[in-house]
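This briefing is meant to be read beside the sequence and the coordinates.

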Amino acid sequence: MESSLATPPAAPPPGGPQIPSNATKGAVEGSATWRLSDRIGLAICWALGLLFCAIAVAIAVYLFIQGIKYLKPSMLVTPAAAGFSEGETGGFSDAFVGTLIVGVMGMAIALPAGIAIAVWLVEYGRPAALARVTESTIEAIAGIPSIVLALFGTVIFSNTALAFLSRSNEGVVFGRSFFAASAMLSLVALPLIVASVREGLHSIPRHVREASYAVGKTKAATTRRILLPASRPQVATGAMLGLGRIIGDTAIIVVLLGATQNFAPVGGNFPFNYLRGAGTTLTNFVYEASPTGNLNQPQKAYAAAFVLLLMVLALNGAVDIIHRRARKVGTWSS
Amino acid sequence: MTTPPPPIRRLELADAPPAQVVEAPVHSDSSLPAAPGGFTGARRSIGAPQFSIRRMEIDDVSVSYANRDAVKGVSLPVRQGEVLSLIGPSGCGKTTLLRSLNRLTELTSTATLTGRILLDDVDIRLIEPTLLRRRVTMVFQQPNPFPMSVFDNIAYVLREQGSRRQRKKALEPAVHSALDRAGLFEEVKDNLDHPALKLSGGQQQRLCIARALAAEPEVLLLDEPCSALDPQSTQVIEDLIVKLRDDVAVVIVTHNLQQAYRIADHVAFMYLGDLVEYNSATALFGSPREQRTQEYVSGAFG
């Protein structure tokens with residue numbers, strides 16, 4: 001079995017599956033001399049890599065085709081409505097805005113908290129026992145299914161002490177609102193942000209910190225002016241990954257934001273009447289509009305899913321730009 | 001120390017022609033005696049110090065990490081007007097001693113220090129660390145400019161802790177003068193806004209020296225500042241260090257005996273945490289008193 005990735009130009013492979021690649025001449029090492037099991041392993045890696053590329057491309061292409069076919073710009077500004085035909089049921093503007101709201105609110109909690117936790121773990125981390133506990137707690141949160149977080153959220157936000165965060169009726173607290181959903185969604189994003197920022201801080205050599213201390217700077221000043229700016233790409237990566245998880249989560253939305261397809265404002269001043277009320281997001285809309293959901297309008301589900309996909313792709317693009325900009329600033333030789 | 005040198009140094013190829021011995025060029029302009037004892041360093045090109053003021057006093061200092069003694073009872077003077085070089089094989093405690101001079105050893109939680117270090121007759125333990133570290137600044141082995149512009153690297157030192165309050169204009173003279181003292185200003189004056197990490201290695205290291213000088217220190221510590229650099233950049237920095245000795249007391253740790261011989265006025269040879277010998281560079285390299293020094297400078301070990 002020959003993979004053309006590593007075939008020396010002098011000895012072309014005698015048959016075997018030819019996997020197209022962008023191998024350049026004078027490749028590093030030929031696999032012709034490898035043991036059979038290693039060559040099979042390499043081929044499996046290649047096959048799996050291509051398979052997953054194919055799956056990702058298939059999803060993207062299919063959604064693009066469906067999305068372009070069904071998405072009308074008017075859907076983004078028309079709220080969903082009850083009706084008997086596709087023409088009467090409107091669009092998903094409330095879901096679109098809802099996604100933006102939970103994204104912004106979730107990140108407003110998760111980003112500062114995540115950065116703070118990562119800085120504490122890497123730069124302070126004392127007492128060591130508390131740091132270890134914090135680390136495993138963050139890992140545990142990362143492992144908890146979001147539906148469990150959602151159920152836990154209902155317990156917290158149905159508490160009468162937190163009645164001001166959602167609708168309440170005769171002393172019974174509804175517990176579903178943008179506040180409740182965003183708070184629990186921030187827990188979904190938090191572990192990703194912490195992990196990414198930690199990685200960024202760890203990648204800064206120790207002597208860089210010491211160089212800052214050695215000109216009389218405190219730990220706080222060093223963190224603020226040197227370490228966090230230096231790990232900006234990882235902060236951004238964590239933020240984008242976290243935001244992607246927030247706007248992609250469905251379980252918490254269904255449980256903590258409501259099964260409605262429209263905003264359901266409660267009393268209060270302008271932004272708070274909406275934020276305290278129930279609502280929806282694109283994921284919730286896709287779920288409900290899919291053939292298994294209550295709306296059963298697959299065409300609009302495709303359109304909404306397409307919008308969601310575009311948002312995630314935009315996030316990926318943003319990460320890419322930030323990393324490219326960081327490369328211009330350069331890094332230390334280790 | 002009668003251990004024979006490790007065999008790798010004596011490796012002889014059976015069929016190889018005998019090595020050609022080339023006479024080292026003789027500098028007739030130097031008044032210093034050639035170093036005997038097998039030491040073949042380049043001749044010193046610097047003159048004798050014009051003056052010397054005692055700035056720091058290391059008094060019976062021992063440093064230990066957990067259960068390992070890194071520095072054992074070392075006493076040394078650090079003087080402005082001269083370059084003091086700490087030499088010795090790896091792990092001999094010279095870097096630890098250097099780092100204890102501005103209390104950087106305290107960042108290692110297991111390190112304990114006994115003895116006294118005085119800066120202008122004040123025990124450094126009585127000086128607030130951030131203040132001390134502005135008076136005793138340090139340059140590291142790896143060039144480590146901060147990930148910001150050349151200008152901001154220096155301005156960072158001049159500004160109050162994490163603040164950004166002082167405007168660029170107000171800091172300009174001080175930044176320019178620090179870059180100038182490090183001999184970098186002419187090369188970067190048009191590119192002060194460029195990222196510092198895109199400079200060449202030698203320029204980065206001089207920027208780090210400029211950064212250390214911007215705090216207007218009394219003592220400048222250099223921890224093998226040239227070990228990551230090419231010979232040309234090394235020479236530029238060596239010339240710079242010699243030039244700086246009149247303004248600040250310079251302490252340099254180096255693995256490179258030739259370098260110590262070229263730039264140091266006084267040399268302290270450390271071995272396994274002990275200060276074996278402290279003497280003027282010409283005396284220590286020319287006629288070492290201790291046998292271990294003799295063996296080390298002649299390349300028998302290390």
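In chain A, 65% of the contacts with a separation of 6 or more are between residues 24 or more positions apart, two residues being in contact if their C-beta atoms, placed from the backbone, lie within 7 Å. This is a predicted model, in which local features need pLDDT of at least 70 and side-chain atom pairs count only at pLDDT 80 or more, while totals for chains, interfaces and linings use all residues. Residues are numbered from 1 along each chain as its sequence is written, and chains are lettered from A and ligands numbered from 1 in the order in which they are written.

**Chain A: elements and domains**

- Chain A has 12 helices and 2 strands, where helices (H or I, at least four residues) and strands (E, at least two) are DSSP runs numbered from the N terminus.
- Read from the N terminus, the order of elements in chain A is α-α-α-α-β-β-α-α-α-α-α-α-α-α, and the C-alpha atoms of chain A fill a box of roughly 80 × 60 × 35 Å along the principal axes.
- Of the 334 residues in chain A, 38% are buried; a residue is buried if 20 or more other C-beta atoms lie within 10 Å of its own, exposed if 12 or fewer, and partly exposed in between, with C-beta atoms placed from the backbone.
- The domain assignment of chain A gives domain 1 (4–69) and domain 2 (71–329), such bounds coming from an automatic or database domain assignment.
- The C-alpha centres of domain 1 and domain 2 of chain A lie 36 Å apart, and their contact takes 6 residues from domain 1 and 6 residues from domain 2 of chain A.

**The interface between chains A and B**

- Across the interface, 24 residues of chain A are in contact with 25 residues of chain B.
- On the side of chain A that touches chain B, the elements giving two or more residues are helix 6 (206–213), helix 7 (219–230) and helix 12 (298–329) of chain A, with the largest share, 7 residues, coming from helix 7 of chain A.
- That side of chain A has 13 nonpolar, 6 polar and 5 charged residues, where Ala, Val, Leu, Ile, Met, Phe, Trp, Tyr, Cys and Pro count as nonpolar, Asp, Glu, Lys and Arg as charged, and the others, Gly among them, as polar.
- For the complex, the predictor gives an ipTM of 0.82 and a pTM of 0.81.

**Helix 4 of chain B**

- The 14 residues of helix 4 (residues 168–181) of chain B should span 20 Å at 1.5 Å a residue, which agrees with the 19 Å between its end C-alpha atoms; the expected span is 1.5 Å times one less than the number of residues.
- Helix 4 of chain B bends by about 25 degrees at A174(B), the bend being the angle between axes fitted to the seven residues ending there and the seven starting there.
- Within helix 4 of chain B, V175(B), A178(B) and L179(B) are buried, and what covers the buried residues of this helix includes helix 3 (150–158), helix 5 (185–188) and helix 6 (201–214) of chain B.
- Just after helix 4 of chain B, G183(B) takes a positive phi of about 65 degrees.

**Confidence in chain B**

- Chain B averages a pLDDT of 85, and 84% of its residues score at least 70, pLDDT being the predictor's confidence in each residue, from 0 to 100.
- The pLDDT is below 50 over residues 7–11 of chain B, a stretch with 1 contact in the model beyond near neighbours in sequence.
- Where pLDDT is low, the predicted coordinates should not be read in detail.
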